Amino acid sequence: MRLVTPTRLFLLAIPMVAMTGFAGITGAERWPWNRDHRPEGPPVAKVVRLDSQSRFGLTVPGQIKSAQYTMIECEVENISGAGLPTTSGGGGGGRRGGRSETPAGLTIISLVPEGTYVRAGQVLAEIDPSRFEEIARLLRIRVEEANAVEAKAHYDLQAAEIALSEYLDGVRLETLMQLEGQVALAKSQVQQQRDHLDWTNRILPLGYVALSAVRDEAISMLSAELALDRAERSLSDYRSYTEPKLTRQLEVRLEQARATHTFAQRRRELDEERLALAELQIERCTIRAPHDGQLVYGTTRDDTPIRLGLEVYRRMRLFMLPDLERPVVEAQVNQTQIWMVSEGQEALVRVDAKPGLILRGRVAKVSPFVDNEDRMAQLSGIMRYNVRIDLDDRERLLPGLSAEVEILIPAKPNALTIPSEALSVVGNQTICYVVGPNGVERRVVGVLPGSIDRLQVVEGLDEGEQVILGPYDPSSEPVSAPPTDLPQPPSDVVETV
């Protein structure tokens, strides 16, 4: 909601709502130059210039928190007897990797008391692992069986590879050589018979051989040619049919052996994965602290407290473990003040549980959004923003402790300062009554918040002028010229840290 001008002026006029006092400034008694109680008129104060290092303290409520919160959930999966995770709701047909978020007979059998300070690796709780131990035992047997099946498949694969190599590099070549030799021998016999027949025909007219001998030689020639034809056909058939058929048969046998080996290997790997999953559940049944911290119990969805014998399920929030060695402070800054806060500003933190302890820190983050979980702010209608303060000092603090945060806001460059009593609001204007040589002058001024009793003046006044403190009615009380023997104020009105 946009504030109208009178409201904004009113807020500036009452810095007590926006600021508490800056460290080291306790009031008018600290500054004898702050007032002049003269019997002839109201008290006055001198306008002074702020030092370049001056800072005002913005004090807001805060709460100690941890920079690192670890939510520890139940990671145990509800797996079936076959080693396959079951699906939530019973659907999916045992889809591998499914997670159940319903109680599955997994009970807490040991538990560290809440509030215990634990070290990294310390056992926080134990879940009954008996069902997973039985599953793991059965799966170890299955893995051994799978190893035996894979070994046999491996030997069969090797035998198939050897058989193929034996045929391609041995039997096939030997058979080809035999058939080619037979063809060569048949060709030689044909040529021999052809030469003998030609010689017989040449000497037949001379009467050295009978005609029947010529006929016998012709018959022998035909027999040799038939033998050559059979040898060539046998060689051609082997190359065209027998060799590809035997080769393909051995290749198919090899592919079958390789597929059987691959299946056996994958079955063994699957059983090993299931065994590893079961052993992982056994390991997850022992819940350990990921880092040092103070143990805080979680609650179930029906607000059932964490206790011995409680049935748990996957992703159930069991514990919260804040890191006590790295505390931060979350401050709540009013919507009218958040514009003054920025990252990097110094801050002082006072913890209510440790009186006298003052911790230094810096503004690490300014939330750009209103804290919607602040119920008091919702009821009052005044929204607040969260500001995170990182502490420079390493102090072991418990999360949840209340604290008072003083954010040191740098003063406006070249700003002047006056007591907040010197400011009045008339209509839509902020004014001061300035005492000059000719009497009291009403002057409109521009101011910014400062401390509980000091304001920053950015326009309307000059350094060294005198302003009247408290309510003032120009018609009721005369004011004389300011004396010249007032104590001189220091150059830096607001103390710096």
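**Close-up views of the predicted model**

**View 1. The bridge between Leu-106 and Val-312.** Leu-106 has Val-312, in strand 11, as its bridge partner. The model shown here is predicted. Strand 5, which covers residues 106-111, pairs with strand 11 over two bridges, and the sense of this pairing is antiparallel.

View 2. Which order do the four strands of the open sheet follow? The order is 8-7-5-11, with antiparallel pairing. Strand 8 (286-288) and strand 11 (311-312) lie at the edges. Each of these two has a single partner strand, so one side of each has no neighbour in the sheet. In general, strands of a sheet pair through backbone hydrogen bonds, in either a parallel or an antiparallel sense.

**View 3. Helix 4 and its bend.** Helix 4 runs through residues 211-284 and contains 74 residues. From its first C-alpha to its last, helix 4 reaches 107 Å, close to the 110 Å expected at 1.5 Å a residue. Where does helix 4 bend by about 45 degrees? The bend is at Tyr-238.

**View 4. The chain as a whole.** The chain holds five helices and 24 strands. Of its 497 residues, 39% count as buried. The accessible surface of the chain is about 27,500 Å², and carbon and sulfur atoms account for 52% of that area. Among contacts between residues at least 6 apart in sequence, 77% join residues at least 24 apart.

Definitions and conventions:
Residues are numbered from 1 along each chain as its sequence is written. This is a predicted model: local features need pLDDT of at least 70, side-chain atom pairs count only at pLDDT 80 or more; totals for chains, interfaces and linings use all residues. Side-chain values use heavy atoms; hydrogens and water are left out. The expected span of a helix is 1.5 Å times one less than its number of residues. The bend at a residue is the angle between axes fitted to the seven residues ending there and the seven starting there. Two strands pair if DSSP finds at least two bridges between them. Buried means under 20% relative accessible area, exposed over 50%, partly exposed in between (1.4 Å probe, protein chains only). Contact means heavy atoms within 4.5 Å. Accessible areas come from the Shrake-Rupley method with a 1.4 Å probe; for residues, only the protein chains shown count as cover.
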